[in-house]
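This briefing goes through selected details of a protein model, grouped by topic. Keep the sequence and the structure in view while reading.

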Amino acid sequence: MKNMFTKARFSILTGLAVTVLMLSSCGSQDISDPNNLPSDSPSVSIQGLALGMESGVRDNLNTYLRVTGSIGREIYYFQGADPRFTGELLEGPIDDGGFLLLRPWESAYRVIRNGNDILARMGDLGLTGEQASGASGFVKTFQAYMHLRNLTYTWDNGIRFEVAGDLPGPFIDRAAALDAIAALLDEGHAELSTAGSSFAWTTTAGLAAFDTPASFATFNRGLKARVDAYRENWQGVIDALNNSFVDATASMDLGAYMIFSLAAGDVVNPIFEDQTGSLLILHGHPSIQADAEAGDQRLARKILVRSTTTVFDSLSSNLGVITAERADSSFPIMRNEELLLLRAEANIHLGNMDLAAQDINVVRHESGGLDPVTLSDMNSAIDQLLHERRYSLYHEGHRWVDMRRYGKLNELPIDRVEGDAGSGRGPDVVIEQMPRPNNET
Amino acid sequence: MRRLSATFGLLCLFSILSMAQNLEVAGKVLTETDEPLPGATITVKGTTLSTVSGDGGFYRITIPSSEATLIYSFVGFKTAEKNVTASNPNLVVKLAESPLDYKEEMVITGFASSVKRQNLANSVASMSTEDIERVPVQSVDEVLGAKFAGVQVRSNSGTPGGGMSVKLRGISTINGNSQPLYVVDGVIMNNSAIQSGTDLVTDATGGGGRDPQDNPSNRIADIIPSDIASIEVLKGPSAAAIYGAKASNGVVIITTKKGTSGKTQYDLNMGFGQRSIIKKLGQRVFTRETAAGFTNGVELFDQVADANGNYQIQDFEDQMYGHEGSIYELNFSARGGSDKTAFFISGYSLDDEGIIERTGYVKNGVRLNLDHRFTNRIRLSVATNFVKSVSDRGLVNNENNNGTTFGVALVQTPNFFNLQPDENGNYPVNPFASSNPIQTRDLMTNRETVSRTSTSMKFDWELFATESQTLDFNITGGLDFFSQESEAIFPASLQFEQLRPNPGTSIVGETESENSNVYFNLKHSYISGSGNSFTTSAGLQFEEQDANRVLIASEGLFPGVTNINQGAIITNTNQIRVLQRDEGFFLQEEVQLGPIYMVAGIRGDSSSVNGDSDKVYTYPKAAISSRLSEYDFWSDNSFINEFKVRAAWGKTGNLPQSSAKYDSLIANVIGGAVGLLPLKNKGNPDIEPETSTEVELGFDAGFFDDKATVSFSYFKKDITDLILLWDIPPSTGFDTTFINGGEMETDGLEFSLGVIPVKKAEFDWTARFNWYTVDSVITKLDIAAFNLDNGGFAPFLGQHRIEEGRSATQIIGVENGQTVQIGDETPDFQLSWDNNMRWKEWTFSFLLDWKEGGDVINLTTLLSDLNGTTPDLDTQAGQDRAGALGTTTSQLVEDGSYIKLREVRLQYSLAKGPLNRMFNDRLSYLRFALTGRNIWTDTDYSSYDPEVSNFSNAPIGSVEVAPYPTSKSWYFQISAGL
């Protein structure tokens, strides 16, 4: 009996010891996010948030370019594993819940949200008055850029503009949206002018030419010129450009860029493909070669004619797109070349054909190595301008937008018409604009 | 401590005093054919005293009076009652076999309690070793398939090493965890499925799906089926309520084998088998004209075709899926022990090749289970287990890189092109896809290596025991730890690697996961003189999950090296931690009043993953059953010998994802610096568990002396506070947020019939039918109808959509511009038919599984249509289907009905006489068996298998995208006992 008792006590003690041990390993149940920085953490800085703006701008740029490029008949995206790039985008209708619409839309608003968070916490970031003005001007410029990108998607279907609160504000139509974006750019511009000589953070190399409040303001005015062109305020375009970085003597590529790299956690250029590879996904639309002027160096610089013609889904192309040389090449947000063409466009509408021809010919010469042209009547001048924009801004997201604002979508080439032998596909159509996402209703 | 020992001393005194008038009974329990029956329960009627027969059927029990009635029971045998007196204290009892009689089976109903099946107020499915080991499986969840009403098991793909989705009584969640809670010897087993990172190469998430589709296995596969003594499945909340906030999807309770005192017994089982594809889809025969639809098609066609346009068709399916994989399985176990200590030791080894070369599954494990009695009242059980598994999974399923995965690359390639390497081992460049899948298969690695150790400890202390009362204290503690290493290696020579900026990719993932829990339970039993009993149990639970996953991708690797530091550049790094702590308590009262059994209980739970981590959510339950056949009014000679009605009600919960409540910023790398952006998922600080409340009504009946048994149940689950991943309007800057935003109702009928058509000395036959239906309807939705993430890719490609007033599993599509419902994943019914026949030394069993209805989204055919390789594209029907893409969806959504021969087994067991002569009495049994799994399928479904999921364990959605085709397998087994 005694023996049993001792043993029992021993095992009880062991049991209790194990219990206490295990209990002590149970910690608090109030656990903060083990993976990410809590939004309300005091270590959140303007450096991190501002770079977040620049970084977020690149999110889903790949989808945005594939959509605008495919619908604008600049490119084909031959994706054997997904029918939507050569189906939905070329045949319609657009799925109002699909990733082609939603992903770029979501990413743009995420950058806008980040900007609104910066504005809301400006007082807690330890900035001087001037630094806060600079941050605010920077944020509003990028917010305007993102709003404009979404508007180029949905166009007449409008965008939501007031999105700072927990619940988003109403959709506003295209005209109101363009006005609101222009006003936001103006606000930002005003703040940049009272922002002292430097920002409170270091921008990326993509904004090397615009890394002070004063120089950044010239980028802001470039965007304003684009908005004014979209809302056909031609004098506004000229006024904005006068304070922008437009320069007929400077490099066509002077401008603001998104930067990419192969580093861990970073993203790569969405256009780059190894042209020596066995198979390409991204192809140039055959019309870009067919419609080019002989000797246009823009074509030679951007399109590689391949020996293999890729056939997919009853479409074919032997053109590779080489606007990105490397996986870490930058992608333009806005370049001098576009500003010169915006100035030409405004001058055409204002009747200053000679001024317009001057800028167009600078671009033709500098970028295309082409002889000058003269502009006569309005219609042919616009056609000339659209031609230059097509080649100068190839696959930078402009063609579809340009043809749409001039009501010329019906001039874009149609590849598959009903009854094409063996295709079972088509007829192709040109999508006018993206619908409102179904999760915005 | 002093007071505790004083109390303990007092208890001992009691037991010494009560020993005064004892009667020692000893005896033997045998079958009718005089085989010893170890494991039978012998209970002293009207008391809490009981014992179990040991080796040779011997038992010994001490009765605290001079006479008593002893009850002898064993599952599958008729219960016997015998009187025992001091004059005749030795009793040899023979029990009569009754295969369908499960009345005496003890069913675990909670942390500290179990109840006889005859009184059970729920329909609880349970399985014994024999059922589990009938036909070999790779993963334990597979054995549950088609065995029970209300238990649906679907393989997500045919990849060796598992990847199974188990649904108990339909769906209980939309966006929450969908898998049951697995409890092995009291330890919660982590059943996560960890993605290997191949998405970095395949970009499967690039086309709409938010989650990677890397085809992972789920970790319940680490349990070795031959170690299992029994499985119990608590299907719904009314049965599982005591498991509280983790039990909405049901609970699978697994108990491993234990040692028995007596002579050491050895069991050896060896199996050899072969695996092959169930179904091939066929090849399109091309002509010069149809070849023109491909890049350089005519030129390449002309190179291989003769003047009449005939050519040697490359049978890609045969080349890729035609491997006849060999299977080898070995397990060995020993059990034995003394009066005080018993052990069970086992070793297991499995090598199972897939139907794609260089894929397969290897699993090795050892187990040691020890039971030790320190005293009559204090007992410790320890179960330890180590398993190592290696799974080579190939590269399958969806992708968005123009054909990197095997299946997608194959549907892109016309069969007049030869993908095989030349005599120098050079693989031709595939001009139709970004990869040559034969090359990819031969050179790549996608391997999961798991090392897992689980230990559980049960400490039982009978604090107090009299003839009519016992008080038991129990501590159950467990630790489940695994490390999973995933290696995805794509050498630079692969065609798609050549297209990357830095060819040669190595993706290394390392996950360490630790689940620990400790439970304290106290149970008091009281049995009155008239036989009524009252059992009160209460307990506390503490649980913690701590997991850490690190993934690193390196590119630009030199050929021949795989270490991530050998690459030119690290392109991706990722780390995810999961830390979760939960606390709970329970209180339960069970009352047995003659034929009436009642139970009521409550569980309370708090968890770190809830918005309010301190808030205690309560999960009550109540149930009653009555054996009407025990009442006097029930005629003794009625053909219905047993009839029980039952009603049960209970609640369970399902916890939110551990990240759901956090509002955080995520780091974005740009230009070598870190930018901060809001997480795409907006945190919800108010997130709560979803709650499932179930009512279950039913009856169990036995006919003609249990020659036939019937069980019927109706259940209805109301799921409230449904956790939804809401596609918040993206203009807020967020994509999603988890909300408690809806209600769902899931109800169903379950009907089981067991019959013994023949029972003769030389031949008997037992058949079981299980039929069930289940339906889920979204009864309330606080947000707009939405397309289910991981439930398809887009409405025009077939998409699961959650919509108020509609079936939760509906599939929508676009028909001529209109979005309409075109299908439903939920079958009309499922029926299984299980047969067991014995003739002399032969036994034959087979299991048929019939699923009627239930639609599947077939995107494999879509992709082969898109790429022009579907075999029937030269027919009008094929043309129409391919041309309908974008206009209609119904051609992509197919009826997934099937009838499958799940299991078949033919066994010869050497009779005792010859066995003893041949082996000099050394062997206790020797069996030979030929078994098969999934060897026959009848279905109209046009692609590989209607059992499929591109999105692994998504609660809703059967979506096929060029999967690893499923296989059938044959085995020859030899087993012997020593």
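Predicted model: local features only at pLDDT ≥ 70, side-chain atom pairs only at ≥ 80, totals over all residues.

D117(A) is partly exposed, because its relative accessible area is 24%. Its salt-bridge partner is R113(A), with N and O 3.8 Å apart.

**Confidence**

- The model has an ipTM of 0.89 and a pTM of 0.89.
- For chain B the average pLDDT is 90, and 97% of the residues score at least 70.
- Residues 1-20 of chain B are a stretch with pLDDT below 50, and this stretch has 12 contacts in the model beyond near neighbours in sequence.

- R113(A) and D117(A) both belong to helix 5 (residues 99-120) of chain A; they are 4 residues apart, so about one helical turn separates them.
- R113(A) counts as buried because its relative accessibility is 8%, under the 20% limit for buried residues.
- D117(A), at 24%, is instead partly exposed.

- Over all chains, the structure holds 83 salt bridges.
- In one of them, the side chains of D705(B) and K78(B) meet at 3.2 Å, N to O.
- These two residues are 627 residues apart: D705(B) sits in the loop between strand 33 (690-703) and strand 34 (708-720) of chain B, and K78(B) in the loop between strand 5 (67-73) and strand 6 (80-85) of chain B.
- D705(B) is partly exposed at 44% relative accessibility, and K78(B) is partly exposed with a relative accessible area of 25%.
- Another salt bridge joins E694(B) and R169(B), whose closest N and O atoms are 2.8 Å apart.

**A sheet of three strands in chain B**

- In general, the strands of a sheet pair through backbone hydrogen bonds, in either a parallel or an antiparallel way.
- One open sheet of chain B has 3 strands in the order 46-45-49, with mixed pairing.
- Its edge strands, each pairing on one side only, are strand 46 (893-895) and strand 49 (959-960) of chain B.
- Strand 45 (residues 855-858) of chain B pairs with strand 49 of chain B in the parallel sense, over 2 bridges.
- N858(B) has E960(B), in strand 49 of chain B, as its bridge partner.
- Helix 11 (residues 859-866) of chain B lies across strand 45 and strand 49, and runs at about 25° to strand 45 of chain B.

- R933(B) is part of strand 48 (residues 925-938) of chain B.
- R933(B) counts as buried because its relative accessibility is 5%.
- The side chain of R933(B) reaches the backbone oxygen of P136(B) at 3.2 Å.
- Beyond its neighbours within four places in sequence, R933(B) has contacts that include V135(B), E142(B), L901(B) and K968(B).
- D472(B) is in strand 23 (residues 469-490) of chain B, and is partly exposed with a relative accessible area of 22%.
- Among the contacts of D472(B), leaving aside neighbours within four places in sequence, are W461(B), L463(B), N521(B) and K523(B).
- The C-alpha atoms of D472(B) and S537(B) are 9.1 Å apart in space, and the two residues are 65 residues apart in sequence.

**Backbone details**

- Between G92(A) and P93(A) the peptide bond is cis, with omega near -10°.
- P93(A) is in the loop between helix 4 (88-91) and helix 5 of chain A.
- R358(B) is not a glycine, yet has a positive phi of about 65°.
- R358(B) lies in the loop between strand 19 (341-353) and strand 20 (360-373) of chain B, and is partly exposed at 44% relative accessibility.
- N790(B), also not a glycine, has a positive phi of about 65°.
- N790(B) is in strand 39 (residues 786-792) of chain B, and counts as buried at 12% relative accessibility.

Notes: Residues numbered from 1 in each chain as written. Chains lettered and ligands numbered in written order. Heavy atoms only, no water. pLDDT = per-residue confidence, 0-100. Contact = heavy atoms within 4.5 Å. Buried < 20%, exposed > 50% of the residue type's maximum accessible area, 1.4 Å probe, protein only. Polar contact = N/O pair within 3.5 Å; in protein donor to acceptor, adjacent residues only side chain to side chain. Pairing = 2+ DSSP bridges. Axes fitted to C-alpha atoms, helices over the stretch in contact; angles between N-to-C directions. Salt bridge = Lys/Arg side-chain N within 4 Å of Asp/Glu carboxyl O.
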